[in-house]
Each structure stands twice: as structure tokens, then as C-alpha cells.
Amino acid sequence: MKQRKWIFAGMLLSILSLGITGCDKRPDKLVSTGTAMGTVVQETLYVTDIEQGKKTSKEILSLVESLEKGSLSWRESDAELAQINLLAGTKEGILLTEQMQTDLQQIWKISEASKGALDVTIGGVTRLWDLDTWAVADTQALEQFQEPGAILLQEALNNSGYSKVLIQKGRMYLPEGMCLDLGAVGKGIACNRIREYLAGSEEITGAVISVGGSIVTYGSKTDGSLWQVAIMHPRKEGAYLGVLSLEGEWCVSTSGDYERYVEKDGIRYHHIIDPLSGYPVNNELCSVTILCRDGLLSDALSTACFVLGAEEGMKLAQEFQVEALFVTKDLEVIMTDGMAQYFTVA
Ligand code: ADP
Ligand code: MG
């Protein structure tokens, strides 16, 4: 009798523990917000181990931070990009890390295909516009905003031009006076690195992470429903235009004239520059969203397509086989057929 009781109690315990193990394995949702790369990083992670997940969440933020500080920043003296800029004009050029070489080669391919609409050699021009100051929304700085002088701007334009740069045998040769600004691609590059990191972490089963205007999705949600990625309304703050419903791994980048801008004397000065004129782009568009599998590509093309305008931008998107969505200033939405399959109007 006593023995039977123990058997029964034993059975009960194993069912209970099965239940507990089952619960443990069901991924939890972990949401966090931080800042890195001068922008907001929002993470939604589905994790099998909550404590490990919290650690991973912090590690993702530090990954973005060290990508900026060690590689992509022109301000941080230890960053590879700052070193490249420092050695502009030297005969020996600079030896690139393998990763930087791969990324720069892809960027140059897009510059060529877009006939210079994307041109990361306009660092001299972007600095004259002081785009970083706008990012921190320093009201005093905004009040004091002035267009850079035409002569200085022309000089900076003369020092720019992706076609003047040589990338050869792992080395980069910049002409004297040129300086690179990877602002148009940095967040997309971060999305790629985040995804590589997630692929190596066992406790993350799904994630959607935004680094400013670039978003990466990975794996799946616990309930198997699709990722919902909102596209912001370019003229109504806080509202969104529509939603992309996505399965699995994607990158979505948006470039808009509403993200960083100053309005003065009826002119909207924003952070996407036409490399031909050196002035903020003034065409029929107010935002462009690109959807594809690669973060660098989505980020680079969102900037390039914005500069080109809807018609030429659409051709560029097709050439790279990505999905694109253009919003015009009168709020007309133009998109590729592929994009329409994922997009729902809000
Ligand atoms: P965000 O930085 O908000 O994601 P973008 O990806 O469109 O927006 O990049 C804009 C940034 O890229 C600017 O802040 C500037 O540093 C740089 N930039 C602006 N215009 C160009 C251009 N035509 N080609 C390359 N870089 C650019
Ligand atoms: Mg971009």
C-alpha cells in the first residue's frame, strides 16, 4: 500500500516536471529600448531562457556601439573609417579589414549603379551641413541654423566623388581632402551584424530589431504569426502609413525627409543630400522604403532611390531585385508588385 502511494506520487511528480520543462522551453518575449550609433535601438526578442535573453539583449546594444566606435564612425579616432580618412592622400593607401573591404566594395557597386546618387565620399559636404547636430535635436543649434557658404560647399564637392577612389588588393586609396561618411549605410550594416550574432545564439528563436530607420527580422514569433513592421507616415508624427507582414529573415530600411530636418524661410533642409548639387534633395518624394534580405543593400538603396526620385529609383530597385515603396509629397504611394504582397494600408 505504502509502495503504491510512492509510485503514484512519483508519477505525479514526473508529469508536473514535464509540465514545468515544457513551460521553460516556450519562448518568452523580451522588449527593450536603448541608444547606440546616435539613434534608438529597439529590440523584441523571443528567448528560451529569460536571463540569458537579457544578457543577449545588452550584448546586441554593445555590438552596435562597438561597430560604430571601432569601425564606422568618422568622429571616433579609433574607428577604421576615421583612420581611412586620416590617410587620405597617402601613396601607400590604407590596409582594410576584410569586413570593411567587403562592405565598401558593395557600396561602390551601388554608387556605380546609381550613378553617384549614393556617394559616401561626400563627407566634406555632410560635415558642412552639420547633420549630426540636427540629430541631437539641440534647439539652440537648430535656431542658429544657416546654409553653408556656396564657396565652401563647392570646395567640398570638388573633394568628393566615388569614382576618384581606388580599392585594390585590400587597400584603399583616397585622394587628399576627401573624407568618407558611412551614415547612409551604417544602420543597415548594423542589422547584418546583429543577424549574424543572433544566428550564433541558441536561446533566441525570433527577433525584430530596429536601429533607427533600419529593421531586421530573424526567426519566428512564439505563436507563429508574421512579423509586423510599420512604415512611418512621413507627415503625421507618430502615425504610420501601413504595415509589412513578413515571415522569417528580412531587412527594411526607410529614408525620409522627416527624420532629421530643419525648416527655415519655408525651406525644409533634411539629411539626404544630392551629391551633384551638395544640397538636400528636393524632388517629388518624402520617403522611400526598401525591403530585401540584406541590411547594407536596403539602407544604401533607400538613400540612393530617394536621391533618384520615384521613376529612376524604381529602375534601380528592380536592377537589385529588391522591393521598394515610394511616398510622394502629395502622399501618393508607389510600390513594386512584390512590396504590395506584404503591405497593408494602416
Ligand atoms: P538615416 O541615417 O536616417 O537612416 P539614410 O540612410 O538615408 O538615413 O542616411 C542619411 C545619412 O547618409 C546622412 O545623415 C548623411 O550622413 C549621409 N548621406 C546623405 N546623403 C547621402 C548620399 N547621397 N550618399 C551617401 N551618403 C549620404
Ligand atoms: Mg540609407
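Visitor: Which element supplies the largest share of the shell around ligand 1?

Guide: That element is α10, which contributes three residues. Helices are DSSP runs of H or I with at least four residues, strands are runs of E with at least two, and both are numbered from the N terminus. The model is predicted, so local features need pLDDT of at least 70 and side-chain atom pairs count only at pLDDT 80 or more, while totals for chains, interfaces and linings use all residues. Residues are numbered from 1 along each chain as its sequence is written, chains are lettered from A and ligands numbered from 1 in the order in which they are written, and side-chain values use heavy atoms, with hydrogens and water left out.

Visitor: How many residues surround ligand 1, and what makes a residue count as near?

Guide: A residue is near when one of its heavy atoms lies within 4 Å of the molecule or strand. Around ligand 1 there are 20 residues, the closest being Asp-181, Lys-187, Ser-255, Glu-259 and Ile-273. By class, nine are nonpolar, five polar and six charged. Here Ala, Val, Leu, Ile, Met, Phe, Trp, Tyr, Cys and Pro count as nonpolar, Asp, Glu, Lys and Arg as charged, and the others, Gly among them, as polar.

Visitor: What makes the pair formed by Asp-181 and ligand 1 a polar contact?

Guide: The term requires a pair of N or O atoms within 3.5 Å; within protein, one must be able to donate a hydrogen and the other to accept it, and residues adjacent in sequence count only if both atoms are side-chain atoms. A polar side-chain atom of Asp-181 is 2.7 Å from an oxygen atom of ligand 1, so the pair meets the limit. For Glu-259, an N or O atom of the side chain is 2.8 Å from a ligand oxygen, and for Thr-303 the value is 2.9 Å. The protein covers 97% of the 560 Å² of accessible area that ligand 1 has on its own; such areas come from the Shrake-Rupley method with a 1.4 Å probe, and for residues only the protein chains shown count as cover.

Visitor: Which atoms are called donors of the magnesium ion (ligand 2)?

Guide: They are Ala-184 (O), Asp-299 (O), Asp-299 (OD) and Thr-303 (OG1), at 2.2 to 2.5 Å. Donors are N, O and S atoms within 2.8 Å of the metal (3.2 Å for Na, K and Ca), so these atoms qualify; water is not among the atoms, and sites may therefore look incomplete. Along the chain the donors follow the spacing A-x114-D-x3-T. Ala-184 lies in the loop between β5 (171-173) and α9 (186-199), and Asp-299 in helix α10 (residues 295-308), so the pair ties together parts that are 115 residues apart in sequence.

Visitor: Why is Asp-299 called buried?

Guide: Buried means under 20% relative accessible area, exposed over 50%, and partly exposed in between (1.4 Å probe, protein chains only). Asp-299 has 7%, and it is therefore buried.

Visitor: Where is Thr-102, and why is this residue called partly exposed?

Guide: Thr-102 is placed in helix α4 (residues 98-113). Its relative accessibility is 44%, so it falls in the middle class.

Visitor: Why are β3 and β4 described as standing at the edges of their sheet?

Guide: The open sheet has three strands in the order β3-β5-β4, with antiparallel pairing. β3 (94-95) and β4 (166-168) each have a single partner strand, so one side of each is left without a neighbour in the sheet. β3 and β5 are joined by two bridges, and Ile-94 has Met-172 in β5 as its bridge partner.

Technical notes
Two strands pair if DSSP finds at least two bridges between them.
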